[in-house]
Every structure is written in structure tokens, then in C-alpha cells.
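Welcome, and please take a moment to look over the model below. After that, we can walk through it together, one place at a time.

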Amino acid sequence: MKRLTILCAALTTVFTAVANASSDKYDKKVAQDIAKYRTFFANKFPNVKNFGEYKDGVYAIDAKAREQWIEIEDFPPYELSIDEGKELFEKPFANGKTYASCFKNGGINIRHNYPHFDTKTNQVMTLELAINNCRTSNGEKPLGYKKGKIAALSAYMASTSREQKFNVKVPNEAAYKAYLDGKKFFYSKRGQLNLACSDCHMAITGSKLRADIPGPAIGHATGFPVYRSKWGELGTLHRRYGGCNKNVRAKPFKAQSAEYRNLEYFQTLMSQDMDINGPSVRK
Amino acid sequence: MKLIKVSIIALVLSLSNVAFAGGDVNKVIAKAESTLKQASKSGFEWTTTAKLIDGAKKAAKGGDSKLAMKLAKKALKEGENSLIQAKYSEMHWQDYAPK
């Protein structure tokens, strides 16, 4: 029995070491991509001295718009949504449980751990998907993924994680594949206008596209959900993805589709170690 | 009598012409739909193509075969371009990533 216990312990150690080595392998590959990505933005915007500034989106590179944005942030239009989200978060489900029962640390101060790759289901788990999974596992109907209650819940949860840094891992080959799918989506040209995400948010950012300057891609995921002046309300990152796709006349994917979750995974990894500052305001 | 015969022949010819044109339009619409389906499956459907097909169908139903053909051909071209875009992106997306 003692021998069996020793054998099991040895095997566990070996498997853990192999898994860690595998995880390190993929994290290193992604780290190389992050370095190239950051070098691109460092060369494009030499005046942005600290990468942390990119968490403010286009306001990191557009001084005039930044002044207006800072004034708006004095009385942020998303404040009521945070309150609404807190109320929803704390309201018990019909079975008496709350959202806190589904998340580590009771759902507080965890936003920076999303999205992550769920090795049990082999898929990217976003915060909004986890919120709806929590609802359905407690007998509640899922919420729509673009705006309204889910955006308010996400806003509240993000607000409890402000200034925490994204810490996203690539634990195995399946996770790396999801990352590559997101990367491929980001650089693929789509729609009648034949534009990739990277065209607007890497090649063109810094210059005007019609009336506005598209925000730099780095830091995209930090501030969501966002209150957009155009929407007049709070919306999720996947709502924005759908809008971007429509703008180039590409048929959008469904919010929380594998395509958009993988894109979020890629974008968040590119924003690794940056502060959470959601919810925030955008044009 | 001769006039009646000529009129009947002209009428038959014109009706067969309409039916022939309608058949062509339906074929182009069917091809456009099939191409759009492939584009959708590849994840590269454009938002404009399905609207063109709907327009072509409406025009054909309303008897405007000229407009129907114009819209159907445009939809087919868009569907084909979407597939070219999908193929191009598959082969070249890495060209746009920072080196």
C-alpha cells in the first residue's frame, strides 16, 4: 500500500511537471507575440511612454479627445449601471443562492482572471458566459449577451477588480489553438470593405477614419463593458465586435460565439499585465 | 385570319421568352444562394449579399426579370468575392501580424 502511495505521488509529480512544461511552452510562444505586438505600438506611438496608458483606448493617443473624456469621467454615465449590477449580483435566485456562489472569492475582484481557458470544457470562458452559466445552473433563464442586465452585472464585477492586472494563461495545446483562432480572426480581412480588425486598430489607428481615430488594439479588453455615446448605454465587448463587423459589412457572429470568445482571448493576452479599468466611457 | 395567326405566334414567342428569362433568373438566384451558403459556412458572409438575393426574388415575383437578373448577378458576384476573401485570408492572415 505504501509502495502504491509512493508510485501515485511520483506519477502525480511527473504529470504536473509535464503539464507545467507544456503550459510554459505555450506561454512562451504567446510572450513572443506580445513582445512583437508591443514593439509595433512603441514604434507607432513613441510619445506613449508607458504601456499602461493604453488601457484608456484612443484617449491614450488623442490628446484633445482625452480632455473631454476626463471631464466625462468626473461624472461617469455608467455609475448607475454599476449600482444596478450590484443589486442584481446580490439578489438571490429563486433557489436562494446568488452569483457569489458560482465564482471564486464570491465573484469580487476576479474580473482580471477572465477570459480564461477552461481545461474541463476545452473552451474560452468569458465573464459574461460564466455569469449565464451561473444563472442556468441555478435554474434561471440566461440573459442576452450584448446589453442590459448582463452589461450591468459585468460592469459591477469589473468595478471590483479595478487596477488589477490581466493575468491570462495558455495552459495547453487546445488553449493555444483557441488563441491562434482568435489571432487569425484579428488579422483576417472581412466584409465588403475588405478590412481586418488589425487594419483599423493597428495600421490606421492614429489617423482619422471618417470623423474619428480608431483606438489602438492594445488595451482593448481592459475597459469593457463600456458606455458608448453612440449607444447611449452600456454594452459588452461582444456587442462592440458585432458592431465592428457590421461596419465593414461582414455578417457578425453571435455574441459569445466561439469566434468572438477566441478573439477576446487573443486580445486579452495582447493586453496581458495591463490594469482593468472597466467599466469605462468611449465615443 | 392571317393577322390572328401572326398575333398568336407573336404572343406565344413573347410568353416563351418571358418563361425562358424567368428560368435563367431562377438559376442565377439558386447559384447565388448556394455561393452565399458556402461563404456563410466559411465565416466570411457579407451583410449585403442576402439583401440582394431577396431583392432579386421580389423583382422576379413582380415580373421585373431585368432587375431580378441584375440583382441576382450582383449577389452571385458578391458571394464569389466572399469566398475569394476567405481563401485569401486563410493563406495570408499571418502577413499582417507584426514580425
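A residue is called buried if 20 or more other C-beta atoms lie within 10 Å of its own, exposed if 12 or fewer, and partly exposed in between, with C-beta atoms placed from the backbone. What you see is a predicted model, in which local features need pLDDT of at least 70 and side-chain atom pairs count only at pLDDT 80 or more, while totals for chains, interfaces and linings use all residues. Residues are numbered from 1 along each chain as its sequence is written, and chains are lettered from A and ligands numbered from 1 in the order in which they are written.

Let us begin with A:Asn105, in the loop between α3 and β1 of chain A; helices here are DSSP runs of H or I with at least four residues, strands are runs of E with at least two, and both are numbered from the N terminus. A:Asn105 has 10 C-beta neighbours inside 10 Å, so it counts as exposed. Although A:Asn105 is not a glycine, its phi is positive, at about 55 degrees. A:Asn194 also has a positive phi without being a glycine, with a value near 55 degrees. A:Asn194 sits in the loop between α6 (173-187) and α7 of chain A, and because it has 16 C-beta neighbours inside 10 Å, it counts as partly exposed.

Moving on to α7(A), you will find A:Cys197, A:Ser198 and A:Met202 buried there. Seen down the helix axis, the buried residues of α7(A) fall within an arc of 70 degrees, so they line one face of the helix; the arc is that of the directions from the helix axis to the C-beta atoms. Just after α7(A) comes A:Gly206, with a positive phi of about 105 degrees.

Two proline sites in chain A deserve a look. The peptide bond from A:Tyr114 to A:Pro115 is cis, with omega near -5 degrees, and A:Pro115 is in the loop between α3 (79-90) and β1 (116-118). A cis peptide bond also joins A:Phe224 and A:Pro225, where omega is about 0 degrees. A:Pro225 belongs to the loop between α7 (197-204) and β3 (226-228).

A:Pro225 is also one of the residues that A:Leu234 touches, along with others including A:Tyr78, A:Lys147 and A:Pro279; two residues are in contact if their C-beta atoms, placed from the backbone, lie within 7 Å. A:Leu234 is part of strand β4 (residues 233-235) of chain A and counts as buried because it has 29 C-beta neighbours inside 10 Å. A:Leu234 and A:Tyr78 are 156 residues apart along the chain, yet 6.8 Å separates their C-alpha atoms.

Where do the two chains meet? In chain A, 19 residues are in contact with 14 residues of chain B. On the chain A side, α1(A) gives the most, with 4 residues. That side divides into 5 nonpolar, 6 polar and 8 charged residues, where Ala, Val, Leu, Ile, Met, Phe, Trp, Tyr, Cys and Pro count as nonpolar, Asp, Glu, Lys and Arg as charged, and the others, Gly among them, as polar.

Finally, turn to chain B, where the axes of helix α2 (residues 49-61) and helix α3 (residues 65-92) come within 8 Å and cross at roughly 160 degrees. Axes are lines fitted to C-alpha atoms, for helices over the stretch in contact, and angles run from 0 to 180 degrees between N-to-C directions. α2(B) and α3(B) are therefore roughly antiparallel to each other, as angles over 145 degrees count as roughly antiparallel, under 35 as roughly parallel, 65 to 115 as roughly perpendicular and the rest as oblique.

Methods:
Lists of a residue's contacts leave out its neighbours within four places in sequence.
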